[in-house]
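Have the sequence and the model side by side before reading on. The paragraphs below go from the core to the helices and then to single residues in loops.

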Amino acid sequence: MASKIDSFHGMEDWFDRAREHASLGVTRIPFAESTQWALKDGVLAHRSGRFFQVAGMCYEQGGRSLSQPIIIQRETGILGFCLRDHELLAYAKVEPGNIGAVQLAPTCQATASNLDRVHGGELPSFAPWFTSANAVFAHDSLQSEQGTRFLGKRNRNVLLISGAPQAAYPTHAWFATEAILEWMKRDFMINTDARSVLVCSPWELLVDREPFTRYAGAFSTELRGSFESVGTQKSPSAVQAKVVSRRASLSRPSLVPLDALEHWRLTDTGVVPLLGRPFEVFQIRVHVRGRETPSWDQPIISSVGEGYAELVCGRIGGLLHFLFVLQAEAGLHNLVELGPSLVVEPGEPAPAETYASHPGASVLAQCRQSDEGGRFFRDVSTYRLVDVGDAFAPPDDGCWLTLAQVRTLLSEGGWFTNEARSALSLLLAWL
């Protein structure tokens, strides 16, 4: 049977064992040394035609014409946790771009190419559980990846009701859901896919009590009231209409060869920005134990600086609300989704002022995370939950939502950006 881990120290020991067993090695290489990828007609692609590609993208934003490299991954992956009796089966996943190499991931985190074993290696552990026609999902929604790095990329976020596996897996262990939710506030422990799946899952199924009754105290009471305000507040339809209207006003981006990108240079070793843009693309060779295949090489995005996101909460008529803004990103499948109150992508200039710096504001929770270690090289973002007291008038592209309204939109899928879902996951520590 997969082992059971009950404590934070147990998780640290599990991570240490996984790191030692993985013996991860990552080396930057020139494109010409790749045995699996090649540049053809200005597009960096795998020899199989699967996995993903890196091409150029041109788009309009704020009245300006911009261009950048973009990851094109037309496959829809599976991100899923197994749940039994308020326990989650987690994966100590090694990714070349992770801070610390190993982070807690969903039970199954797999692209369609991995499920088809295009790499020639093993099938991802527990994948048959999630692809079976008999699988029973408590949640199943399509959610976006970062629209500043991916073009139209979405994943199925699923919660599978399941029993215990019949064999031991050194890379997987059962955890009390309670513990994982608490660790959402710890740096570099819970990967971006795990955060997304859990915040999208029905919160009432994750714990053996009414949601947001873990702690006594005023903020917990407010969270519970905001979550239970179904029927007393308007549906989020007006917000949805606002998002849909904004989507209709935007044009789809166009693709161009990497060597045709303005203000970028394609070299033998990477795709390099010429005007201080936020990231570059280069090729890495990876050696690792415990993955479906022991070695591979791939393109990866490396940002030049850290990202930052704030989710603001405030009160309207005494009821707790959360501030979101319409986030237009050329790579989003739907072009516009609701982002956190403030977001700065890794490598973009830091804001002159944040909500946390406002008089009377208080930071309720924060953590630093590395996002998508399979495609981004040690990207780091800080996520903060900020209380501003009474809600202020939202900006023109902003809206205040209760947790009940948030929950409705999360269940449908496709309304919140990856950064918004990560920011919202901080709330799960109070669940």
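Which residues have the most contacts inside the largest nonpolar core? They are Leu104 and Phe324, in a core of 79 residues. The model is a predicted one, so local features need pLDDT of at least 70 and side-chain atom pairs count only at pLDDT 80 or more, while totals for chains, interfaces and linings use all residues. Residues are numbered from 1 along each chain as its sequence is written, and side-chain values use heavy atoms, with hydrogens and water left out.

A nonpolar core here is a set of buried Ala, Val, Leu, Ile, Met, Phe, Trp, Tyr and Cys residues joined through side-chain atoms within 4.5 Å. Buried means under 20% relative accessible area, exposed means over 50%, and partly exposed lies in between (1.4 Å probe, protein chains only). In soluble globular proteins, nonpolar side chains tend to be buried together.

The largest share of the 79-residue core, 6 residues, is supplied by helix 1 (residues 8-22). Helices (H or I, at least four residues) and strands (E, at least two) are DSSP runs, numbered from the N terminus.

Helix 1 can be followed from end to end. Its 15 residues reach 21 Å from the first C-alpha to the last, close to the 21 Å expected at 1.5 Å a residue; the expected span is 1.5 Å times one less than the number of residues. The buried residues of helix 1 are Phe8, Gly10, Met11, Trp14, Phe15, Ala18 and Ala22. They lie on the same side of helix 1 because they cover an arc of only 155° around the axis, where the arc is that of the directions from the helix axis to the C-beta atoms. His9 and Glu20 are exposed on the other side of helix 1. Just after the helix, Ser23 has a positive phi of about 50°.

Helix 8 (residues 237-248) can be read in the same way. With 12 residues, helix 8 reaches 16 Å from its first C-alpha to its last, close to the expected 16 Å. Val239, Gln240, Val243 and Arg247 are its buried residues. Their arc around the axis is only 100°, which puts them on the same side of helix 8. They pack against strand 21 (319-328), strand 22 (336-339), strand 26 (398-401) and helix 9 (403-412). The face of helix 8 turned away from the buried side carries the exposed residues Ala238 and Ala248.

Helix 9 also has helix 7 (residues 218-227) as a partner: the two pack at about 55° with their axes 6 Å apart. Axes are lines fitted to C-alpha atoms, for helices over the stretch in contact, and angles run from 0 to 180 degrees between N-to-C directions. Helix 7 is therefore oblique to helix 9, since angles under 35 degrees count as roughly parallel, over 145 as roughly antiparallel, 65 to 115 as roughly perpendicular and the rest as oblique. Leu223, Ser226 and Phe227 of helix 7 meet Leu403, Ala404 and Arg407 of helix 9.

Is Arg407 buried or exposed? Arg407 has a relative accessible area of 10% and is buried. Beyond four places away in sequence, Arg407 touches Val199, Cys200, Ser201, Pro202, Trp203 and Phe227. The C-alpha atoms of Arg407 and Ser201 are 9.2 Å apart, although 206 residues separate the two along the chain.

Helix 5 (192-200) packs with helix 10 (residues 418-425) at about 70°, with the axes 9 Å apart, so the two helices are roughly perpendicular. At this contact Thr192, Arg195, Ser196, Val199 and Cys200 in helix 5 meet Asn418, Arg421, Ser422, Leu424 and Ser425 in helix 10.

Some loop residues complete the tour. Phe188, in the loop between helix 4 (177-182) and helix 5, has a phi near 55°, a positive value in a residue other than glycine. Phe188 is buried, at 16% relative accessible area. Glu372, in the loop between strand 24 (362-369) and strand 25 (381-390), has a positive phi near 50° and is buried at 9%. Ala32 lies in the loop between strand 2 (25-29) and strand 3 (37-40); with 76% relative accessibility, Ala32 counts as exposed.

Definitions and conventions: Contact = heavy atoms within 4.5 Å.
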